[in-house]
Amino acid sequence: MNNRPLNSLRPTKTLELESGLSLVPRIKLLLTVYRADKSVNPFDEWKFKRSLIDYIKSSFFITVPEEDLEIRKFKDLNKRKREEPVARGRLFVHDLGFLSKVIGETEDDVERADKKFLEWRRGFVEKLNGIELNLEGTKFKLNVAVPVSDDFEGMKKEWEEIIAFGARGYQRSAKMQPDTIVLKGMPSRWFAETRVSSKPSMLVTHTIVSALGKIRNLHVAEDNSIGDGADEEDIVSGLHCKIVVRFEKHKDFHDALKILCGRSLQKQGSRLRADYDVTWDKDGFFLDARHQIEERKRMPARGMEERDEGHRQHSRVSQFSSEEGRKRFKE
């Protein structure tokens, strides 16, 4: 595991975690496809994918494998108005080796490297956004956007404005800085105790997430929510988990969120990647006692995996003290 400070990690570098997991850098874009002419010809997903892959290769010299481009047409196309989208999807660029020339292989200033990376991504999005692709005489227009969960600077601006002007759970004080991250779409098996259960374990999750900073509270539960670009029928109950982690210091929260943005979780020996959604907690999850009752009503009893005996006896079942965690590790 990499013991270097998180704020020294360049945007194109991988962060090694425990349990054979790593946070791998990538570019993720959300796609929306519209008709660009008066044609009523059907939308062909495969032809559009091939056309877009060819365009990216010829225009940017970037090779995108077919599996890294997802395009799905809407099922109710016959009911949609002409100005409404016909399809949506996601584009991933996992091989970022070409960016070494953009950022500079000897660039030691992480802040400058981050700036160069964001400038390149911004230009890439601007050039892709609005292009028209001709599929055998039928034109389609592409809208491109960076997901909210990949926009660290946007989230930072959001919490700074909330602190400045006041909102639920926050006062107008520089001392009231956010400290909690919410992760959705994490594979439950990757956070489970091997050969014990397929459900996420609090202890295993604590071990993995603690690489991002000192933890004050931790919550892990089954997650059946729908992420960016996913369809409801793709969600299989129990396969994913939601992790809410509260750090002891705002700096740890800040650096962890920055690292989590723009990366996917990968397990050693597997080609699968978890393209999770990440955001900061605006609602005071651990400060609102009411969420305890709401979670129990919404989640089945088996939806949470609580392996720590001391944690079971605690009245607030969704919190995990970092002090308790450290005691367990020493035993």
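Close-up 1. Glutamate 160 sits in helix H4, which covers residues 152–165. In this predicted model, glutamate 160 counts as partly exposed because its relative accessibility is 42%. Together with Asp151, Glu153 and Glu161, Glu160 forms a negative surface patch.

Close-up 2. The buried ones are Met202, Val204, Thr205, His206, Ile208 and Val209.

Close-up 3. The structure holds twelve salt bridges, and one of them pairs arginine 26 with aspartate 275, with the closest N and O atoms 3.5 Å apart. These partners link distant parts of the chain, 249 residues apart: arginine 26 is in the loop between S2 and strand S3 (27–35), while aspartate 275 is in the loop between strand S12 (273–274) and strand S13 (277–280). Arginine 26 counts as buried at 2% relative accessibility, whereas aspartate 275 is partly exposed at 22%. Look for aspartate 150 in the loop between strand S7 (138–145) and H4; with 4% relative accessibility, aspartate 150 counts as buried. Its side chain also reaches the backbone nitrogen of glycine 262 at 3.4 Å.

Close-up 4. Glutamate 136 forms a salt bridge with lysine 47, and their closest N and O atoms are 3.0 Å apart. Glutamate 136 lies in the loop between strand S6 (132–135) and S7, and lysine 47 lies in helix H1, so this pair ties together parts that are 89 residues apart in sequence. Glutamate 136 is exposed, with a relative accessible area of 68%, and lysine 47 is partly exposed at 32%. Aspartate 54 and arginine 50 form another salt bridge, with 3.5 Å between the closest N and O atoms. Both residues are in helix H1, four residues apart, so about one helical turn separates them. Aspartate 54 counts as partly exposed at 44% relative accessibility, and arginine 50 counts as partly exposed at 27%.

Close-up 5. Lysine 49 lies in helix H1, residues 45–60. This lysine is buried but has no salt bridge, and glutamate 66, the nearest side chain of opposite charge, is 4.3 Å away. What a polar atom of the lysine 49 side chain does have is the backbone oxygen of leucine 69 at 3.0 Å.

**Close-up 6. Two positive phi angles.** Serine 19, in the loop between strand S1 (15–16) and S2, has a positive phi near 60°. At 36% relative accessibility, serine 19 counts as partly exposed. Phenylalanine 61 has a positive phi of about 60° as well; this residue lies in the loop between H1 and strand S4 (69–73) and counts as exposed at 72% relative accessibility.

**Close-up 7. Serine 22 and arginine 263.** Serine 22 lies in strand S2, residues 21–25, and is buried, with a relative accessible area of 11%. Serine 22 and arginine 263 are 241 residues apart in sequence, yet their C-alpha atoms are 9.4 Å apart in space.

Note on methods. Residues are numbered from 1 along each chain as its sequence is written. This is a predicted model: local features need pLDDT of at least 70, side-chain atom pairs count only at pLDDT 80 or more; totals for chains, interfaces and linings use all residues. Side-chain values use heavy atoms; hydrogens and water are left out. Patches are made of residues with over 30% relative accessible area and no salt bridge: like charges are joined within 9 Å, nonpolar side chains (Val, Leu, Ile, Met, Phe, Trp, Tyr) within 5 Å. Accessible areas come from the Shrake-Rupley method with a 1.4 Å probe; for residues, only the protein chains shown count as cover. A salt bridge is a side-chain nitrogen of Lys or Arg within 4 Å of a carboxyl oxygen of Asp or Glu. Lys and Arg count as positive and Asp and Glu as negative; His and the chain ends are not counted. The place of a charge is taken as NZ of Lys, CZ of Arg, CG of Asp or CD of Glu. Buried means under 20% relative accessible area, exposed over 50%, partly exposed in between (1.4 Å probe, protein chains only). A polar contact is a pair of N or O atoms within 3.5 Å; within protein, one must be able to donate a hydrogen and the other to accept it, and residues adjacent in sequence count only if both atoms are side-chain atoms.
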